[in-house]
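Here is a brisk report on one protein chain. Keep the sequence and the 3D view open while reading.

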Amino acid sequence: MIVGNPPGKNFHREALLDPASLAAAAIDAAIPYIVALGKEAAKSAAGAAGKSVWEWVKGKLTSAAGTEAVTDLENAPHDAVNRTAAEAALSKLLRADPGALSELAQLLDKAGITSTVLTANVIGNENIVGQVSGSGTVSINRGPTPPGKPSKAS
C-alpha cells in the first residue's frame, strides 16, 4: 500500500504507480529465489513467491536486452550491475505496457510484497519535511534559532 493513500485503497489501482519502484520490488522478491535456484530454500513460501514473480519477469523480458538481463542476473544474482540492468529492463517494459504494470502490481500484492512510494512537493523557504516508511521513532529538530531571527513558535 502506498503511504498517504486513504485506507482501503489498493496501490495497484492507483495512478501513482512508479514503474521503477515496482520493478525494484519485483527484483527484490525474486533475488532469494534466483540465489536458491535448485536448492531446498527455493521450495519455501518466500521461494514460491519469488519463483512466481521471477517466472513472470522472465516471461515478459523477451527482447534481446531483456533476455541478456535475465541471464546475467541468474548467473550472478549478487552483482549490483546485473540487478540494475534487470530493474531497468523491467521498468522500461512497465512504462510501455500499463497492462503489465497492473499485472505485476497484482502479482506482488497477492504474494504479500508491497511497494511504497513517498512523495513530497515543497514550496517556500525554511520548510521541514519528514517522511517515514515502516515503523519506529523519528525526531525532527530545527535546532536553535539564529540570533536576530525570531522563532516561528514565539
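## Terms and model

Contact here means heavy atoms within 4.5 Å. By that criterion N82 touches D72, L73 and A76, with residues up to four places away in sequence left out.

The model is predicted. Mean pLDDT for the protein chain is 76. A value of 70 or more is reached by 64% of the residues. Residues 1-15 stay under 50 in pLDDT. For this stretch the model has 29 contacts beyond four places in sequence.

## Overall architecture

The protein chain has five helices and zero strands. From the N terminus on, the order reads α-α-α-α-α.

The protein chain has 154 residues, and 30% of them count as buried. Take the contacts between residues at least 6 apart in sequence: 60% of them join residues at least 24 apart.

## Helix 4

Helix 4 covers residues 80-96. It has 17 residues. From first C-alpha to last, helix 4 reaches 24 Å, close to the 24 Å expected at 1.5 Å a residue. At its start, a side-chain oxygen of D79 comes to within 2.8 Å of the backbone nitrogen of V81.

Seen by burial, the helix 4 list reads N82, A86, E87, A89, L90, S91 and L94.

Is N82 buried or exposed? N82 lies in helix 4. Its relative accessible area is 12%, so N82 is buried, because buried means under 20%.

A89 also sits in helix 4 and is among its buried residues. Which residues does A89 contact, leaving aside neighbours within four places in sequence? They are L61, G66 and A69. A65 is 24 residues away from A89 along the chain, yet their C-alpha atoms are separated by 7.2 Å.

## Packing of helix 4 on helix 5

Two packed helices are described by the angle between their axes and the distance between those axes. Helix 5 spans residues 98-110. Helix 4 and helix 5 pack at about 115°, with axes 5 Å apart. By class, their contact has eight nonpolar residues, no polar ones and no charged ones.

Helix 4 brings L90, L93, L94 and A96 to this contact. Helix 5 meets them with P98, A100, L101 and L104.

Definitions and conventions
Residues are numbered from 1 along each chain as its sequence is written. This is a predicted model: local features need pLDDT of at least 70, side-chain atom pairs count only at pLDDT 80 or more; totals for chains, interfaces and linings use all residues. Side-chain values use heavy atoms; hydrogens and water are left out. Helices (H or I, at least four residues) and strands (E, at least two) are DSSP runs, numbered from the N terminus. pLDDT is the predictor's confidence in each residue, from 0 to 100. Axes are lines fitted to C-alpha atoms, for helices over the stretch in contact, and angles run from 0 to 180 degrees between N-to-C directions. Ala, Val, Leu, Ile, Met, Phe, Trp, Tyr, Cys and Pro count as nonpolar, Asp, Glu, Lys and Arg as charged, and the others, Gly among them, as polar. The expected span of a helix is 1.5 Å times one less than its number of residues. Buried means under 20% relative accessible area, exposed over 50%, partly exposed in between (1.4 Å probe, protein chains only). A polar contact is a pair of N or O atoms within 3.5 Å; within protein, one must be able to donate a hydrogen and the other to accept it, and residues adjacent in sequence count only if both atoms are side-chain atoms.
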